[in-house]
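Here is a tutorial dialogue on reading a structure. Please look at the sequence and the model before going on.

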Amino acid sequence: MDKKIFYLLLAFTLFLGAGNMGMHLVTNRPLSDIAGPDLNADGVRDDVEAFIRVTFPDPYEQSAVMQYAKHAQAELLARDNPDESARLASDGRARGCMGYVFGNLDKEIAIREQMGAKTRDTLARRSAHDQYNRNIPGGVYGSPPETIDQCDFYQTEIVDWPTHSSRTIGVEFRYPRDWYVQERADTLSTIRVSNVEKQSELSDEALATEAAFLIQVEKNRNPSMLSLQEWYKRNLENSMSSRPTKFEWVAMGGDAGMSAIRIEVPGIGTIAHLYIARGVDIIEISYPASQPKFRYTYDLILATLNVAK
């Protein structure tokens with residue numbers, strides 16, 4: 001072989017080897033470098049956290065995005081741990097919380113992509129994420145429930161809330177410490193939960209400042225003990241003065257398998273009604289769904305609600 005060609009091939013081989021070595025050094029950085037600075041040790045890189053706090057001033061949105069960013073950071077650090085990678089892949093709480101808080105799939109996807117780009121902002125971090133994906137065993141991971149109890153702030157919000165238990169009505173729930181609970185047990189047993197002791201007449205002005213969460217037990221409303229779906233169809237579906245704008249089945253706390261029909265009805269604002277069948281009785285829960293100020297509080301009360309059979 002001509003010496004000139006030999007040396008050219010040798011140089012080219014050394015060049016490729018150096019390139020591969022350099023790529024290996026870049027993509028296999030120590031996990032401490034992948035993690036980056038996290039001075040408050042909350043699991044989110046400092047620059048990512050600063051971006052979230054500026055971009056999402058609403059405290060609940062901020063908490064949901066921080067939860068997602070923490071999960072995204074953990075994926076990178078699971079690069080060398082297949083078991084942890086599999087656990088993270090099966091943990092859908094961060095995505096479930098995002099879906100609950102933002103309530104819009106297109107917006108949720110855009111934020112997830114934005115946070116993914118922020119978290120995986122270097123070749124080494126993108127490589128770590130690629131390895132995380134390779135670690136995940138084959139299988140189908142279902143969509144997580146988009147409910148408030150998927151959110152990290154669920155436990156921190158209710159940590160100091162007192163519990164109200166009613167043996168007469170057969171329900172138990174937690175409520176904000178500075179709110180009022182009033183119970184009346186007669187033909188129509190009622191519990192009212194509000195931020196004011198005496199409620200005003202329902203009006204647009206009252207909706208802006210006063211919470212109104214009601215639990216009512218309509219005794220012997222379902223004497224034939226129909227299924228909830230059949231009871232609703234016979235008694236409510238065609239008898240409402242305003243047609244519901246929303247209808248859905250929701251899972252309730254307490255006994256396994258207990259579910260409710262939830263509808264939203266226009267009026268002064270939009271009122272949400274939940275119906276639960278319990279023997280011959282019907283439990284109705286109602287609250288204004290058009291009160292953004294109290295949206296999370298209502299949902300937190302509902303998430304802690306246990307209904308005895």
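**Salt bridges, a helix and confidence**

Q: How many salt bridges are there, taking a side-chain nitrogen of Lys or Arg within 4 Å of a carboxyl oxygen of Asp or Glu as the rule?
A: By this rule the count comes to 13 salt bridges. This is a predicted model, in which local features need pLDDT of at least 70 and side-chain atom pairs count only at pLDDT 80 or more, while totals for chains, interfaces and linings use all residues. Residues are numbered from 1 along each chain as its sequence is written, and side-chain values use heavy atoms, with hydrogens and water left out.

Q: Which parts does the salt bridge of Asp121 and Arg45 tie together?
A: The two side chains meet with N and O 3.2 Å apart. Asp121 lies in the loop between α7 and α8, and Arg45 in the loop between α2 (31–35) and α3, so the pair ties together parts that are 76 residues apart in sequence. Helices here are DSSP runs (H or I, at least four residues), numbered from the N terminus. Asp47 and Arg125 are linked with Arg45 and Asp121 in a network of salt bridges.

Q: Is Arg45 buried or exposed?
A: The terms rest on relative accessible area: buried is under 20%, exposed is over 50%, and partly exposed is in between (1.4 Å probe, protein chains only). Arg45 has a relative accessible area of 2%, so Arg45 is buried.

Q: What separates Arg53 and Glu49 in helix α3?
A: Arg53 and Glu49 are four residues apart in the helix, and therefore separated by about one helical turn. They form a salt bridge whose closest N and O atoms are 2.8 Å apart. Glu49 is buried at 7% relative accessibility, whereas Arg53 is partly exposed at 41%.

Q: What should helix α7 span at 1.5 Å a residue?
A: The expected span of a helix is 1.5 Å times one less than its number of residues. Helix α7 has 15 residues (105–119) and should span 21 Å; its end C-alpha atoms are 21 Å apart, which agrees.

Q: Which residues of α7 are buried, and why do they line one face?
A: Glu108, Ile111, Met115, Gly116 and Thr119 are buried. Seen down the axis of α7, these residues fall within an arc of 140°, so they line one face of the helix. The arc is taken from the directions from the helix axis to the C-beta atoms. On the other side of α7, Asp106, Glu113 and Ala117 are exposed.

Q: What covers the buried residues of α7?
A: The cover includes α3 (46–55), α4 (59–77), α6 (93–102) and α8 (123–135). Contact means heavy atoms within 4.5 Å.

Q: What caps the N-terminal end of α7?
A: Asn104 does, with a side-chain oxygen 3.1 Å from the backbone nitrogen of Asp106.

Q: What is the mean pLDDT of the chain?
A: The term pLDDT is the predictor's confidence in each residue, from 0 to 100. The chain has a mean of 87, and 88% of its residues reach 70 or more. Over residues 14–26 the pLDDT is below 50, and this stretch has three contacts in the model beyond near neighbours in sequence. Where pLDDT is low, the predicted coordinates should not be read in detail.

Notes. Helices (H or I, at least four residues) and strands (E, at least two) are DSSP runs, numbered from the N terminus. A polar contact is a pair of N or O atoms within 3.5 Å; within protein, one must be able to donate a hydrogen and the other to accept it, and residues adjacent in sequence count only if both atoms are side-chain atoms.
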